[in-house]
Amino acid sequence: MISHGSKIWHPWTQIKTSSEPKKVTSGKGVWLTLDDGRQLIDATSSWWVNLHGHGHPKIAEAIYKQALKLEHVMFAGFSHDPAEEYVEKLQPHLPKHLNRFFFSDNGATSVEAALKMAFQMFWNLGKPRKTFVVFESGYHGDTLGAAAISTMAVVRAPFEPLLFEVLRTPYPATYWGDEKVEETEKKALVAFEKIFQDRGDEIAAVVIEPLLQGLGGLRQARPQFFDAVEKIARKWGALIIFDEVMTGFGRTGTLFAVDQTHCKPDFICLSKAITGGFLPLAVTVTTEQIYNAFLSDDVGKAFLHGHSYTGNPLGCVAATASLELLQEGLYKTIHARMMERAKNILASPKIRKARGLGDFFIFDLNSDEGYGSALGKRYRELVEEEGVLIRPFGEAVFITPPYNITDQELDQVFNALERALEHL
Ligand SMILES: *Cc1c(COP(=O)(O)O)cnc(C)c1O
């Protein structure tokens with residue numbers, strides 16, 4: 001196929017080699033209905049956003065009611081109850097030292113805000129620092145600032161000359177039954193410390209995907225690694241940014257990945273699942289200390305940054321409704337439910353490096369092609385023939401189902417994964 005029929009340019013797609021996008025006409029629970037009448041289980045919650053499946057009435061109603069009252073107002077010089085209430089509801093679930101909330105619209109912007117705040121904090125204090133430490137295979141978004149701190153090659157390649165310098169360090173990727181994990185972590189920590197020994201006073205912040213990296217291959221690391229990383233970074237006065245855009249809102253089995261560490265990050269970036277998949281929204285959460293570094297009689301020391309839709313009231317009520325649904329606690333049991341069904345896959349010689357936590361069940365197919373892997377694509381097609389939608393990254397296959405998936409639907413997902421493996 002040379003081109004698609006529609007005028008729309010789709011994201012993250014090599015249009016020449018991919019088939020026409022499938023048209024979705026409706027979504028209910030875990031099910032998507034296509035215009036040819038087919039139904040598919042959305043086993044990755046549509047890029048990790050649909051926490052409670054599609055079309056949850058509680059969120060839909062909250063948005064409708066708010067839309068009749070106030071759909072939007074500029075957020076500089078104005079505030080509103082939906083934003084104030086969301087912040088009050090969210091804060092008790094975050095580490096206590098984080099008490100300032102900056103709104104934006106998506107994962108990349110939530111990370112950009114943290115980067116710029118960290119950078120400007122040092123500038124405001126008259127002690128500028130110019131670079132960041134980031135992890136190999138990291139992904140933090142595809143806008144230029146977020147791409148600069150992402151190390152995934154396909155995000156960067158055409159833009160290298162435009163991207164600011166960062167210092168890269170290994171992410172100690174592990175999996176179930178990995179006997180070398182301690183050795184890998186030790187090596188990663190030595191490399192990490194060396195960067196600080198060489199350039200410690202230039203480093204504004206370390207940017208971390210805690211416990212699990214996303215697009216760069218769904219690589220998992222143990223919580224104690226991040227504790228050790230924080231200790232080293234603190235010695236040199238660097239800030240810590242936790243990018244929980246993917247891991248937030250129960251995905252790792254706890255409400256936030258930070259809960260499984262002893263870390264006290266200076267920033268947590270939240271987006272993706274924040275509204276349960278209804279509206280674009282993001283929050284960058286930070287400390288009183290950083291907030292205070294922007295207070296001045298000089299307007300130039302303010303954080304002069306924000307977007308037209310910042311703090312959108314509809315997004316905020318959706319986020320509040322989603323957080324209330326999360327409190328039913330289904331995210332705490334999904335892991336055990338998946339593991340009950342994973343035995344046959346784990347025994348298959350066609351997979352390796354099975355891993356995961358919380359809502360993530362991950363394995364690699366036997367290939368080293370990386371992003372765009374033909375084997376990954378073939379597997380995705382086979383799984384789809386079984387009525388289940390997945391989207392492997394390279395050879396890394398994962399599912400992250402909506403937490404309210406039924407037992408029967410979960411059986412269907414695992415049966416599809418198994419059958420597709422047999423045919424691969
Ligand atoms: C998806 C993702 C982002 C970017 O979020 P967008 O909403 O796609 O801009 C940033 N960080 C992580 C860890 C992500 O998984």
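1. **Basis.** The model is predicted; local features need pLDDT of at least 70, side-chain atom pairs count only at pLDDT 80 or more, and totals for chains, interfaces and linings use all residues. Residues are numbered from 1 along each chain as its sequence is written, and side-chain values use heavy atoms, with hydrogens and water left out.

2. **Domains.** The protein chain splits into domain 1 (61-326) and domain 2 (333-398). These bounds come from an automatic or database domain assignment. The C-alpha centres of domain 1 and domain 2 are 27 Å apart.

3. **Interface area.** Domain 1 and domain 2 bury about 1,500 Å² between them. Of this, 75% is on carbon and sulfur atoms. Buried area here is the accessible area (1.4 Å probe) that two parts lose on being put together, summed over both. On the domain 1 side, Trp176, Leu218 and Arg251 lose the most area to domain 2. Together they account for 44% of what that side buries.

4. **Who touches whom.** In domain 1, 18 residues are in contact with 17 residues of domain 2. Contact means heavy atoms within 4.5 Å.

5. One salt bridge is counted between domain 1 and domain 2. The term means a side-chain nitrogen of Lys or Arg within 4 Å of a carboxyl oxygen of Asp or Glu. Arg251 forms a salt bridge with Asp359, and their closest N and O atoms are 2.6 Å apart. The side of domain 1 that touches domain 2 has nine nonpolar, seven polar and two charged residues. By this scheme Ala, Val, Leu, Ile, Met, Phe, Trp, Tyr, Cys and Pro are nonpolar, Asp, Glu, Lys and Arg are charged, and the others, Gly among them, are polar.

6. **Glu418.** This residue lies in helix H14 (residues 407-423). Helices (H or I, at least four residues) are DSSP runs, numbered from the N terminus. Glu418 counts as buried because its relative accessibility is 17%, and buried means under 20% relative accessible area (1.4 Å probe, protein chains only). Leaving aside neighbours within four places in sequence, Glu418 is in contact with Arg341, Asn344 and Ile345. Asp227 is 191 residues from Glu418 in sequence and 37 Å from Glu418 in space, C-alpha to C-alpha.

7. **Thr109.** Helix H4 (residues 107-124) holds Thr109. Thr109 is buried, since its relative accessible area is 9%. Apart from neighbours within four places in sequence, Thr109 is in contact with Ser104 and His307.

Conventions. Helix = DSSP H or I, 4+ residues; strand = E, 2+ residues; numbered from the N terminus. Buried < 20%, exposed > 50% of the residue type's maximum accessible area, 1.4 Å probe, protein only.
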